[in-house]
Amino acid sequence: MRDEPNDSYRPETVLPPHLRPRVIAGARRGYHNTPLTAPGLGPGLQGDCLALLRDAVRRFADHHGTTHWWPYLTAPAATRLAPLYPDDPALHLEDDALIPLPGTGIDDYISSLPSQRRVGVRRERRDFASAALDVRRQVLADCFEDAGVLLAGHQQDHGHDRDGIDAMTGLLKRQATAMGSEARVVAAYEEHRMIGFCLYYHYGTTTWIRAVALDRRHPAPHLYFNLMYYLPIEDAYAHGTTALHAGMTTIEAKRRRGAQVSGMYAVVDRHPAAPSPRRG
């Protein structure tokens, strides 16, 4: 990648001015990053593997006249990498929200909230139901064009001018093609018009929210909260997952809906690669 279209992965957007690495280590999408090592490695062998990985990335970055960084590391990942970058403390980038889903259904989730929040969630669900919208659960392949239009509007409302309809529709089409029936959507329709959707994935014990967007010209009571939380939670219980990953931003709203919050970090390497050993 010679140019990064996502501002949240551009060093000049999220890092202090004196840090300008150009090589990304690990994942460059999804705001979740951890070095991939085999399960069951002992601490010593794991540390050796991570050191080899760091050195390889350093050499690659040095070849391109720059340094590297690990964006959006989970707290455990940042802890694992910290000994390899003793002069470069981890930088806090964002907070991340995970909502536990106890019991076997959404009533159990609601019952786990403080009493005042239980009243609010039930009201938000009731008011949304009273709007009598057509709620559809479908695979992304069946609706990526409508969803792309809404996602482009959402992105441009948040200042991402490059994320137009063609770009967002293309992005969702690629996800639909790659992920097939795993790319799940819950959407609200007013007659034949999609007015909001949520794209999510069930993986392991967690349901992961990937994208949420609304048509703000067609408001409905508590549409966002139902698409972002309550409708995916219903599907999570049906699928058997035990947590909803709600991601970054609007953290206090997520706390009010039971989220556990943890930090996301960046580790930035400020050291050039060591010279390669000379071969005789």
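Q: Buried means under 20% relative accessible area, exposed over 50% and partly exposed in between (1.4 Å probe, protein chains only); what makes A132 exposed or buried?
A: The relative accessible area of A132 is 64%. The cut-off for exposed is over 50%, so A132 is called exposed. This is a predicted model, in which local features need pLDDT of at least 70 and side-chain atom pairs count only at pLDDT 80 or more, while totals for chains, interfaces and linings use all residues. Residues are numbered from 1 along each chain as its sequence is written, and side-chain values use heavy atoms, with hydrogens and water left out.

Q: Where is A132 found?
A: A132 is in the loop between α5 (115–130) and β4 (134–139). Helices (H or I, at least four residues) and strands (E, at least two) are DSSP runs, numbered from the N terminus. The protein chain has 9 helices and 9 strands.

Q: Which residues of α7 are buried, and why are they said to line one face?
A: M168, T169, L172, Q175 and A176 are the buried ones. They fall within an arc of 125° seen down the axis of α7, so they line one face of the helix. The arc is that of the directions from the helix axis to the C-beta atoms. On the other side of α7, the exposed residues are D166, R174, T177 and A178.

Q: What covers the buried residues of α7?
A: The cover includes α6 (144–157), β6 (193–203) and β7 (206–214). Contact here means heavy atoms within 4.5 Å. After α7 comes G180, with a positive phi near 55°.

Q: How do you know that the buried residues of α2 are on the same side?
A: Buried in α2 are Q46, L50, A51, R54, V57, R58 and A61. They cover an arc of only 135° around the axis, which puts them on the same side of α2. The face turned away from that side carries the exposed residues L52 and H63. Elements covering the buried residues of α2 include β1 (23–24), β2 (68–74) and α3 (75–81).

Q: What does α2 reach from its first C-alpha to its last?
A: Helix α2 (residues 43–63) has 21 residues and reaches 30 Å, close to the 30 Å expected at 1.5 Å a residue. G65, which follows α2, has a positive phi near 70°.

Q: Why is E191 called exposed?
A: Its relative accessible area is 70%, which is over the cut-off, so E191 counts as exposed. E191 lies in the loop between β5 (184–190) and β6.

Q: What is the phi of E191?
A: Phi of E191 is near 55°, a positive value in a residue other than glycine. Most residues other than glycine have a negative phi.

Q: How many residues does the protein chain have, and what percentage of them count as buried?
A: The protein chain has 280 residues, and 44% of them count as buried.

Conventions: The expected span of a helix is 1.5 Å times one less than its number of residues.
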